[in-house]
Each structure stands twice: as structure tokens, then as C-alpha cells.
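Let's take a walk through a protein, one piece at a time. Have the sequence and the 3D view open while you read.

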Amino acid sequence: MSQSVMNESKLPPFSILVTGSTGFIGSRLISKLSANGCTVRGLSRKKIENSKNVKYVQADVFDLDELTKAMEGVEIAYYLLHSMEGNKDEWQEFASREKIQAQNFLKAATHSGVKRIIYLGGLVNDGPDLSPHMQSRKEVGEILASGNIPVTEFRASIIIGAQGGSYAMLRYLVERLRIMVCPSWVKSLAQPIAVDDVISYLVESMSNEKTTGKIFEIGGPDKMTYEELMRVYSAYLNKNLFVLQIPFLTTRLSSYWVDLITPVKASLARPLIDSLVHDTVVTDDSITKIIPIKLKSVRNAIDIATKEMKASPPVAEQKEEKTGFKINQKIIQISLVLLGICGSSYYWLDDRPEVYQPLWILGTLAWYSAIGVSIAFIHYKTRLGYLIAGVLSWVTLAFWMFDNFYVVFDTSIIASQPNELMTIRNFVGIVIAAVTVISSHNLFHKVIDYQYKGKPI
């Protein structure tokens, strides 16, 4: 146990408060402090059972009375809160929500006699064109420091660790795509840091007086662009990665793309991508002299995170439904194959000359390509795969219904009237397409809830 942590044993029991106690950073920080013999109070919106050296208190940061009561007796408070996730309306108001959170926290901390606040924010530049997310992170630090309580603020570059949003976005993109279509922000420089090193800085700063009331920039030993980071992870997996850069792809479009390819929701991907638009490299490394630790390389950080995910994969909470996710997954794969088989009948069952026209053949090739692409992405359980399957099945459903238009209205509108066998085939295909529509809709809206996030691809 380090001397700084030993000194914290002089603090009254449970006088160390960790907000965001169940989050990516908070849960690790609590584990580290607890393992080092510190008694910790974890703040959570939900009720959580206490464990050894850890007492959880339930409070809503937006309820000042609840928060003040939860902070009674606290001397050191870690501020690890953010409002990046949520529905569309909540995300659009995240800056105002983060402002209220920080203001309430400062008021409660002041009233409760907190002696010190330690805040983990994002590494920002001082330019006028900061993204809304990074501007909010900076303003939160300014709000916390506006009171009489000394604040230690750490500004981190990309944090790499199992169950972290940045790592999840990185690994899912690289694991699922051999060809990457990227915007210009992949050329921005970053200084990725291992989550364990971030935790070490947070823990060691508690009793180090030299860190009191100061702002520190933290990053790992490697400086690289996000494209280079993806290539490092690709090399770690022994995979080839091809990157195509499209300059007009905005951060909003990028977040939607990430949402369709990975389990990382657009509401979380957007601020993560926003933080990558500008360089996030350390310009002041004074913390490395105050708290000298051996920083892990990017490859080492990736290796640790990957092994941790394999050893202890988190299983997403699953909701009980009449039709399970796995059943829908099988249904959509089978139905897409059956659609392909039905479509091939145009060239062994149909006797109409139109099916050999160039435009028809071109449409057939595009249709089969869409089936193949959707099956490939469905294999990786991506929303993009279900989206393609849904659009494809709707188009197919409409096409085959119009091909049988003559049955009801005694006239053909797509081509000449199909023979009897093709008419029957159209009706069978309509049923298969309808099943594909239903299963793709169910999977598109439920895949993130059912995603087995810890399972390696």
C-alpha cells in the first residue's frame, strides 16, 4: 500500500465519497480504494447492497436535499458524473443538466463541510470552437472550482479500459469492419491512457498536497491519431484494416453510423466523437513529476482491457418477451436465405422474357447484394444489418404483391402476367417477406438490450 493511501486511514470512516459509483470509472475507483483498506461511500441513484469497506447511499443529484443528506460527514468527494446518455431530448439538454448537477454538488458539498473535491474531466484545448460536450466538461470544472472547496481536476485524453465507451466503440468498429469509412476527425491527435493509470492518479492525489487546487492533464506515453489507434487494435487482432476518409461526414452522422454498427448508442457515441474532433494531447505533464507512475502503452492497455473482457464479460440485462432475441435472430437469417431462394425462381420457374432485361438483372444483382450484406452484419448483431433487412423485405413484399396485382384487378403493372406457379410463388414469398419485416423490426429495437457485450467477435 502506498504511503498516500495509508495516510487516508486517518480519515473518519466512510468520509470518502465516490459519485457515479456504478459507472466505468467509479466502480473501479471504489474497488481500488476498498482493496487498499479505505472505507468508501458510493453515491448511486439506485439502491445497492453494501459490501466490505463500501457503503452505498441512494440520492438523486438533481435533488439538493437528498444530495446534502448523502454527503454528511464527507471530507473528500470524487466527482465522476456526466449526462451524456439518455433519450434524444435529454441528450440535447445535457449541458444544462451537467451545469445543474455541478451546482447542486457544490452547494451540498459546501453545506456538508467537504474539504476537497477531485474531478475527472476531459482533455480540452482552449480554443473558441470547443465541441458542446468538451465545453460542458470544462464548465463543470469551473463551477466546482468557483466555491471555497479546493478542487483537483484531471483532464484525460481517451481512456482505454474494459466496459469503457471509448474502448467499446474502438473494438466493435475494428472487429466488425474490414473497410472503414471515416470522417476527418480520425486524423486528430490523441494521447490514450489506460484506465488503471487514471485510477492511480485519482487515488494517489487524495493525500498529495501538491495536487490540491490545480488542473492536471493526463495521457499515456503514446501520441497517435484515432486512425492509428484503430490500426494498433487491428494489428493486435492480426487483422487488416482499410480506411477511407470522407471529409463531409459530420460528428452527428458519425454517431449514427456507430449506433448502427456497434452497441454504443448514438447518445454516447456523439460526445465521444465530439471529443475527438480536436487534438487531445498533454501540453503540461507536471503531474508525471508529482505522481510518478509507469504509464502503460496503448497496446498494453488494449491487451489488459481485452483480457479483462474475456475473463469477466458483462451480460446485458434481458427482458422477457413472447419471442426471444435468439429466436428472432434465427428467424431473420433463415427468412433472408429463403427470400434469396424464392428470388432465384425468376430464372428457373418464370417464363417471362422481362426477367432477362438488363435493368431487371441489375436490380436482381443489387437485391442479392443487399441480402448478403444484411446477413453479414446480422451475424455480428448490428442494427445496420437489421435496418438493411427491414428495408429490403419491405421493398420485396411490395414488389411481389404488385406482381400478383392481376389476381384482384385483372391487370399487370410490373411485367406481363406471371404463370400460375409464379403466382403461387409470389404468395409464398410475400409470407416470407412479412416474417422478415416483423423479425427485423423486433431485432432493430432490441439488439442493444440483448447484445452480449463481453463476447469477443
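Start with helix α7 (residues 165-176) and helix α13 (residues 298-311), which pack at an angle of about 85 degrees with their axes 12 Å apart. Here the axes are lines fitted to C-alpha atoms, for helices over the stretch in contact, and angles run from 0 to 180 degrees between N-to-C directions. That angle makes α7 roughly perpendicular to α13 (angles under 35 degrees count as roughly parallel, over 145 as roughly antiparallel, 65 to 115 as roughly perpendicular and the rest as oblique). On the α7 side, the contact is made by Tyr-167, Leu-170 and Arg-171, and α13 brings Ile-302, Ala-305, Thr-306 and Met-309. Contact means heavy atoms within 4.5 Å. Sort the residues of this contact and you get 5 nonpolar, 1 polar and 1 charged (Ala, Val, Leu, Ile, Met, Phe, Trp, Tyr, Cys and Pro count as nonpolar, Asp, Glu, Lys and Arg as charged, and the others, Gly among them, as polar).

A word on what you're looking at: this is a predicted model, where local features need pLDDT of at least 70 and side-chain atom pairs count only at pLDDT 80 or more, while totals for chains, interfaces and linings use all residues. Residues are numbered from 1 along each chain as its sequence is written, and side-chain values use heavy atoms, with hydrogens and water left out.

Now zoom out. The protein has 18 helices and 13 strands; helices (H or I, at least four residues) and strands (E, at least two) are DSSP runs, numbered from the N terminus. Of its 457 residues, 51% count as buried, where buried means under 20% relative accessible area, exposed over 50%, and partly exposed in between (1.4 Å probe, protein chains only). Among contacts between residues at least 6 apart in sequence, 79% join residues at least 24 apart.

Next, find Ser-205, in the loop between α8 (195-204) and β11 (215-218). Is Ser-205 buried or exposed? Ser-205 is buried, because its relative accessible area is 0%. Leaving aside neighbours within four places in sequence, Ser-205 is in contact with Arg-116, Ile-118, Phe-154, Thr-211 and Ile-291.

Finally, hop over to Asn-442 in helix α18 (residues 420-450). With a relative accessible area of 30%, Asn-442 is partly exposed. Asn-442 and Gln-329 are 113 residues apart along the chain, yet their C-alpha atoms are separated by 9.6 Å.
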